[in-house]
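I opened my notebook to look up a few things in this structure. My entries follow.

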Amino acid sequence: MVMYPTRYHRPKSLEEALKLHAANEEASYLSGGHTLIPALKQRLAKPSDLIDLAVLPGLSGIKLDKNVLSIGATTTHAEVAASPVVRKAIPALAGMVGTIGDRHVRHRGTIGGSVANNDPAADYPSAVLGLGATVVTDRRSIAADDFFVALYETALEPGEIITRIDFPVPDRAGYAKFRSAASRYAVAAVFVAKFGSVVRAAVTGAGSGGVFRLRDLEQALVKDFGPAAVAHCKVDPGAMLEDLVGTSEYRANLVLVMARRALEHLGEAVSYK
Amino acid sequence: MQHITLTVNGNKVSRDVEDETLLVTFLREYLKLTGTHVGCDTTQCGCCVVHLDGKSVKSCTVLAAQAQGGEVTTIEGLAQKDGALHPMQEAFHLLHALQCGYCTPGMIMAAVNLVDTYPEPLTEEIVREQMEGNLCRCTGYHNIVKAILAVAAAKSADKKPALSGVG
Amino acid sequence: MLAEQMFKAVGKPVPRNEDQRLITGKGRFSDDFSLPGQVWAAMVRSPHPHARIVSIDKAEALKMPGVLAVYIGEDCRDDGLKPIPHSPVPSTKYDMKLRGPGDTEVFAGPNVLLPYDKARHVGEAVAMVVAETLEQAQSGAEQVAIEYEILPWVADSQEAAEPDAPLLWDELPNNVLVDTFFGDAAAADNAFASAAHVVTMKTHIGRVTGVPLEPRAALGHFDPATQRYTIYAGSGGAVRQKQELATTLGVDPQSIRVLSFDVGGNFGTRNRSFVEFGLVLWTSRKLGRPVKFRAERSEAFLTDYQGRDLVTEVSLAIDKDGRFLAMRASNLSNVGARCVSLSPLSKGSGLITGSYDIPVATLHARAVFSNTMPTQAYRSSGRPEVTFAIERLIDKAARELGFDRLELRRRNLVHPEQMPYTNGVGSIYDSGEYEKNMDRVLKLGDFAGFPARRAEAVSRGKLLGLGFANYVESSIGSPKERADLIVRKNLVEVVIGTQPAGQGHETSFAQVTADLLAVPFEQVRITLGDTDIVSAGGGTHSGRSMRHASTVIALGSVDLINKGKALMAHLEDVPLDAVTFEDGFFRVAASNRALSWYELALLAEQDGLPVELQGGLRVRRDNEMHTPVFPNGACLCEIEIDPETGSLDIKRYATVDDVGRCINPLIVHGQTHGGIAQGVGQALWEQCAIDPASGQPLMGSFMDYGMPRFDNMPSFKTEIVEVLSPTNPFGVKAGGEGGTTPAPAVIMSAIDDALAEYGNPPIEMPATPVKIWNAIQDYKKRQKAA
């Protein structure tokens with residue numbers, strides 16, 4: 001459908017963007033637009049103002065500083081996937097981002113937009129949580145474990161803008177995703193990462209509360225970091241999403257299969273459908 | 001209202017449009033460039049793909065205002081200056097990679113961007129993976145894959161594509 | 001039959017004439033048209049599957065900025081608008097004769113443009129808002145206040161057929177509108193009673209939708225000066241649309257001009273008029289402004305005419321050697337809230353015995369109303385369903401009775417010597433070499449190499465299954481066609497009443513004409529789609545176009561050549577038999593005098609010609625042809641399954657298709673490719689699912705409705721076979737639907753084969769990964785319990 005009328009703004013600075021948002025109660029931020037604009041075209045929302053963050057200087061870019069990979073919030077998926085810096089530092093992350101949406105979506109969609117939206121089947125939340133990244137905003141830094149609150153809900157305050165995401169560089173990481181035939185979003189996907197004796201495993205697409213850590217698997221992997229550890233894990237179907245694409249038992253099964261395949265393909269991202 | 005100025009197919013154009021005007025609406029209804037099509041409402045079908053600043057984008061999911069000052073190439077602007085068809089257009093024609101033609105403009109624009117910018121040599125598997133953002137209901141994709149691979153092969157061999165094929 | 005040596009263009013893989021405009025963005029699709037002063041329509045649709053319309057309050061909507069008018073069912077009725085004359089019962093000479101219960105006329109359920117009594121399906125349009133901009137029309141539509149009395153509803157066809165189901169139409173005692181029995185019941189009873197084996201299967205071939213990528217759109221305009229209506233709207237037949245719209249509006253058909261130029265896919269969805277088309281014409285007159293409607297994709301999913309939805313129960317009586325003795329079938333077709341077309345039930349009914357010589361067959365054919373979107377013909381209307389039934393039943397018989405599934409088929413195929421062959425329900429197959437098709441596809445698909453490929457898949461922890469299906473399908477279609485052949489200054493124009501949506505008529509018809517008239521292919525132009533020029537024609541559906549067009553063009557060519565000869569004789573003042581036509585030239589025998597078509601056409605414009613030679617070098621030819629043809633073939637595929645996830649991958653797909661004479665193999669292979677994709681889509685991803693608790697359609701967008709895509713379809717091996725049909729001059733059968741016809745059967749056959757070690761679990765289409773995985777888990781649980 002046609003979007004409701006709105007006002008579009010190109011702020012020249014972060015401060016101006018924040019001011020515009022504060023002045024207009026019903027304003028929405030716009031980045032890549034590939035989540036917001038489809039929703040607006042369905043007339044699911046009626047923002048009075050759209051504040052375009054993608055035009056702001058300084059919010060885009062990829063930097064590796066010692067063991068921290070920083071990705072600016074308005075960096076597109078295509079830029080992340082193709083970046084030699086990301087591919088060297090965290091190849092599973094580059095690989096994962098290369099499977100988001102399709103080529104044309106990746107030319108516009110941004111990390112900030114994806115993370116701020118917290119779609120329960122989006123890829124980025126599993127990497128942010130799986131790597132224990134830090135979400136840096138205009139006013140503070142939020143640890144991944146504190147960031148994803150509930151379905152489509154994050155710890156961001158109204159008006160708060162993500163400026164960059166800092167990923168600690170792991171020893172090893174892997175990502176495996178099983179995609180839905182129609183939407184191409186994850187039915188179940190696992191991002192697993194090892195930092196010395198710390199292991200994190202985050203699951204997207206499957207949880208009824210959104211992205212979550214698979215603690216069972218993390219503990220097993222600390223003892224033995226490899227696909228065999230998955231055999232000792234269980235996933236509770238009761239915590240899984242259920243829809244026409246997959247029953248909760250099916251998703252629970254897929255989580256473990258994807259976890260195992262992520263561990264069998266460390267250093268890359270694999271995608272199934 | 002937004003005063004939008006873009007370079008479209010090499011020509012500088014300006015129009016005053018509502019803030020929420022989509023790029024595809026700007027092209028179709030304000031510039032009367034009806035070659036770019038709308039096929040869905042969930043940013044999945046790819047009928048609306050154009051090039052914006054050298055990248056393939058779904059023009060139904062970009063506001064004209066977001067594209068402000070940019071360079072847009074649509075299907076109408078793909079042929080060479082002397083009117084000769086782009087090799088991808090030629091390949092689609094000779095290898096029968098279109099039937100009803102509705103998905104074709106977006107398909108060709110997507111294919112051109114893929115061949116021009118993908119960093120590795122294209123294989124059937126890569127083409128099928130990288131073109132997933134475009135739907136076709138008529139061709140079953142078979143001949144489109146052939147056309148894209150023919151153009152890619154010729155590009156890397158730096159000669160004209162070998163274009164004949166039945167079945 | 002036409003002489004082979006005349007074919008220079010026919011049979012060649014000529015790239016298409018229509019491509020130039022389509023690859024450069026100069027196509028003319030319905031939404032590409034705009035008229036000055038045009039206004040926009042938005043529809044208000046019922047959110048309920050079944051509800052009485054108690055009241056509609058336009059007041060708030062009319063206050064909205066830009067809103068010009070709000071129209072409801074009472075307004076249509078008060079202006080005397082009639083229901084759309086869908087003529088749903090196929091009634092050509094060879095169509096299976098469907099009848100209502102008790103051998104009555106079929107009650108179709110009238111399709112008024114906007115209902116005033118009740119809404120009978122989710123999405124039924126109950127009001128139309130017209131405003132200056134589309135956004136204003138949509139905002140206005142949100143303000144239309146409708147009070148509904150919610151009624152009990154039924155979506156499932158078997159439930160709807162029960163005597164106590166919620167009733168959609170008070171004109172009938174229950175929802176069953178068709179109840180007909182075909183065949184010899186007594187003979188079938190005897191055969192079944194004495195047979196060594198009986199195998200039975202019940203299955204539901206579910207509801208899908210065509211998804212042409214161009215959403216439907218219409219721009220209507222009334223000119224008070226000429227008192228004529230004009231509509232730009234893609235369809236499956238401009239002439240038919242014109243008649244339907246004229247009846248709906250209650251005007252002379254000549255006062256309507258339908259313009260249907262480039263059509264972005266049809267597949268059957270556009271064969272019948274949509275309510276919005278009549279509404280934009282009617283309202284454009286009332287408002288004095290052109291009115292434009294274009295469907296959102298979500299509207300297309302909800303309210304395009306949908307396809308399939310057949311519950312079928314089939315049984316085969318087999319003797320001890322595997323010979324088929326008799327077949328029984330009971331088919332229940334879900335037509336939706338009203339009957340728009342019975343083509344699927346009818347076409348399928350004639351083909352229940354498939355490619356096999358089954359001497360006795362009976363069919364109980366029923367159709368039922370339900371609170372769902374109406375269905376109509378969709379790619380190979382009715383044939384994929386019945387092909388699925390017979391082919392899967394044979395697979396089941398082979399497995400249960402210990403026969404090889406290919407051998408069992410061979411033993412029972414109709415043989416070429418039996419052609420023309422009358423099957424157990426009266427269809428007369430014209431020609432075909434079914435066993436040769438089997439042999440060819442087994443070679444094309446490297447059947448011999450399957451065991452090695454399976455072993456390799458198993459070594460990677462995967463399952464690999466091989467699927468096989470024969471098929472025979474039918475092309476009947478509207479029996480009448482008209483061609484105008486006009487020799488112009490330097491080209492030949494053919495005006496014809498078919499309506500392509502990608503089938504390449506501008507090319508293939510030009511090939512036919514070029515060879516018939518001995519002119520270069522480049523000099524032939526095909527004119528379609530403007531009813532001010534195209535006066536008559538049957539449209540495009542059911543694979544009818546090439547057969548009817550080539551025949552009427554062939555007949556017209558003879559007329560044109562005869563007129564040319566007569567003209568030449570008159571101009572040269574020689575007897576008629578002194579004039580010959582050879583290689584594109586009219587010659588006077590025993591002289592050097594020779595005129596080309598164009599030279600003769602110029603001379604034909606002169607004054608003073610006798611009456612019968614006036615009017616230029618042109619003819620109009622009508623033809624009526626009822627005899628159906630039966631394209632046929634065989635199909636093989638391999639599917640790899642990942643038992644851990646249920647994921648499927650089509651590794652190989654080969655098909656052999658007898659299309660009769662193939663005019664343009666480039667085009668025909670393309671049709672096969674696209675047809676395969678649609679059939680595979682039904683088997684693996686597509687479904688118009690409805691929530692059993694609420695009656696709400698669940699698949700409203702590409703986010704939910706899975707589609708064939710680049711990365712889930714394989715490349716194909718397709719082979720064309722030409723067993724000429726004796727029923728028309730070119731020997732054409734049809735090539736547009738054979739790709740789809742065996743596809744659901746062959747895919748499910750492969751999945752069944754892959755899952756053989758898991759007990760051949762019955763899996764309903766679409767065979768999604770979760771269903772595969774569940775079936776495997778169920779088997780494992782049963783084994784554990786045992």
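**Entry 1: one residue.** I looked up C:Ile146 and found it in strand E6 of chain C, residues 145–150. Helices (H or I, at least four residues) and strands (E, at least two) are DSSP runs, numbered from the N terminus. I must note that this is a predicted model: local features need pLDDT of at least 70, side-chain atom pairs count only at pLDDT 80 or more, and totals for chains, interfaces and linings use all residues. Residues are numbered from 1 along each chain as its sequence is written, while chains are lettered from A and ligands numbered from 1 in the order in which they are written.

The cut-offs: buried means 20 or more other C-beta atoms within 10 Å of its own, exposed means 12 or fewer, and partly exposed is in between, with C-beta atoms placed from the backbone.

Next I asked which residues C:Ile146 is in contact with, leaving aside its neighbours within four places in sequence. They are C:Ile53, C:Ile56 and C:Val126. Contact means that the C-beta atoms of two residues, placed from the backbone, lie within 7 Å.

I also checked C:Arg308. From C:Ile146 it is 162 residues away in sequence and 32 Å away in space, C-alpha to C-alpha.

**Entry 2: chain C as a whole.** I read off 20 helices and 28 strands for chain C. Its radius of gyration is 28 Å, close to the 28 Å of the globule rule for 786 residues, so chain C is as compact as a globular protein of that length. That radius is taken over C-alpha atoms, and the rule is 2.2 Å times the number of residues to the power 0.38. Along the principal axes, the C-alpha atoms of chain C fill a box of roughly 95 × 75 × 55 Å. I noted that 61% of the 786 residues of chain C count as buried. Of the contacts in chain C with a separation of 6 or more, 81% come from residues 24 or more positions apart.

**Entry 3: chain B against chain C.** This contact takes 43 residues from chain B and 45 residues from chain C. On the chain B side, helices H2 (87–94), H3 (104–117), H4 (124–130) and H5 (142–157) give two or more residues each. H2(B) gives the most, with four residues.
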